[in-house]
Amino acid sequence: IAIFLTNPNIPIIRVQLILTQNLTNVTFDFETVDAPNAPKLEGVYKYISINAPKISDDIVKTALIRFKVSNGWFAQYGYDPQTVKLLRYHDNKWNELETYNEGADNNDNYYRAVTPGFSYFAIKAGKLKQEEAKATQLEAQEQEKTKTAAEEQKEETPQVVEQVTNYVVEKVKTNPVIFVILVLVGMLIGVLATYYFVVKKQE
């Protein structure tokens, strides 16, 4: 059996399982819950209920659950993506399932876990180490500073050019000698340029 989920409110994206018996009219109910009928845990991203009335644990040969966790959740609460585990509530206790990180994109980290059956599940993570969390925070601050400095410099450059231009114009207005000097310099540059191209042409 292979089930693909596209509900954005449910972090599970796929369930694959092999049973030891052939069944018909099998149904699955998926639901995220705020307060499951089980002890609450620390560092939980989501609690999920998976109910499959016709599928008992003894006929499950293998069951694979693939799920995702938002990158924003890790950043906001300081959790480590490498510590994510899927837990199943069974026999009145939470049992940690073997969980693997399958990579990430810009929005989410992706995981898979193997379960012997269905019940309540919890997606749980541990906090980043203090040094790593501090380094991540400092890196974010440095990036923000660099971005701000670049924006300020971008804004200031046109102002500086405008100020220099205005300064030169004012000087020319108040001192005709500067205007004469600028005209002479322009003429000299023109003569030198003409001579240069004439010599080049003759060569």
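K85 stands opposite K124 in strand 10 of this predicted model. The two strands concerned are strand 6, residues 85-90, and strand 10, residues 120-124. They run antiparallel and are joined by 5 bridges.

Strands of a sheet pair through backbone hydrogen bonds, either parallel or antiparallel.

Now follow the sheet from strand 3. Strand 3 is joined to strand 4 by 5 bridges, and the two run antiparallel. Here E31 stands opposite S49 of strand 4. Strand 4 is in turn joined to strand 10 by 5 bridges, again with an antiparallel run. K46 stands opposite I123 of strand 10. Strand 4 is mostly covered, with 6 of its 8 residues buried.

**Salt bridges**

A search of the whole structure finds 3 salt bridges. Side chains of opposite charge can pair when their charged atoms come close.

| Side chain | Side chain | N to O distance |
|---|---|---|
| D57 | R88 | 2.9 Å |
| R66 | E102 | 3.3 Å |
| E102 | R112 | 3.2 Å |

Take the pair of D57 and R88, whose side chains meet at 2.9 Å. D57 lies in the loop between strand 4 (44-51) and strand 5 (60-70), and R88 lies in strand 6, so the pair ties together parts that are 31 residues apart in sequence. D57 is partly exposed, with a relative accessible area of 31%. R88 is buried, at 4%.

R66, E102 and R112 are linked in a network of salt bridges. Within it, the side chains of R66 and E102 meet at 3.3 Å. R66 lies in strand 5 and E102 in strand 8, so this pair ties together parts that are 36 residues apart in sequence. The side chains of E102 and R112 meet at 3.2 Å. R112 lies in strand 9 (residues 108-114) and E102 in strand 8, so this pair ties together parts that are 10 residues apart in sequence.

E102 is partly exposed, with a relative accessible area of 36%. R112 counts as partly exposed, at 28% relative accessibility. The cut-off matters for R66: buried means under 20% relative accessible area, so R66 at 16% falls in that class.

**Around R66**

The place of R66 is in strand 5. Its side chain makes a polar contact with the side chain of E102, at 3.3 Å. What else does R66 contact, leaving aside its neighbours within four places in sequence? R66 is in contact with P11, I12, I13, R14 and Q16, and also with E102, Y111 and R112.

**Around T99**

T99 also sits in strand 8, which spans residues 99-104. T99 is buried, with a relative accessible area of 9%. The T99 side chain reaches two backbone atoms. One is the backbone nitrogen of L86, at 3.0 Å. The other is the backbone oxygen of L97, at 2.9 Å.

Which residues does T99 touch, not counting those up to four places away in sequence? They are F67, V84, K85, L86, Y111, R112 and A113. Among them is K85, the residue that stands opposite K124 in strand 10.

**In brief**

The salt bridge between D57 and R88 ties the loop between strand 4 and strand 5 to strand 6.

Technical notes
Residues numbered from 1 in each chain as written. Predicted model: local features only at pLDDT ≥ 70, side-chain atom pairs only at ≥ 80, totals over all residues. Heavy atoms only, no water. Helix = DSSP H or I, 4+ residues; strand = E, 2+ residues; numbered from the N terminus. Buried < 20%, exposed > 50% of the residue type's maximum accessible area, 1.4 Å probe, protein only. Polar contact = N/O pair within 3.5 Å; in protein donor to acceptor, adjacent residues only side chain to side chain. Contact = heavy atoms within 4.5 Å. Pairing = 2+ DSSP bridges. Salt bridge = Lys/Arg side-chain N within 4 Å of Asp/Glu carboxyl O.
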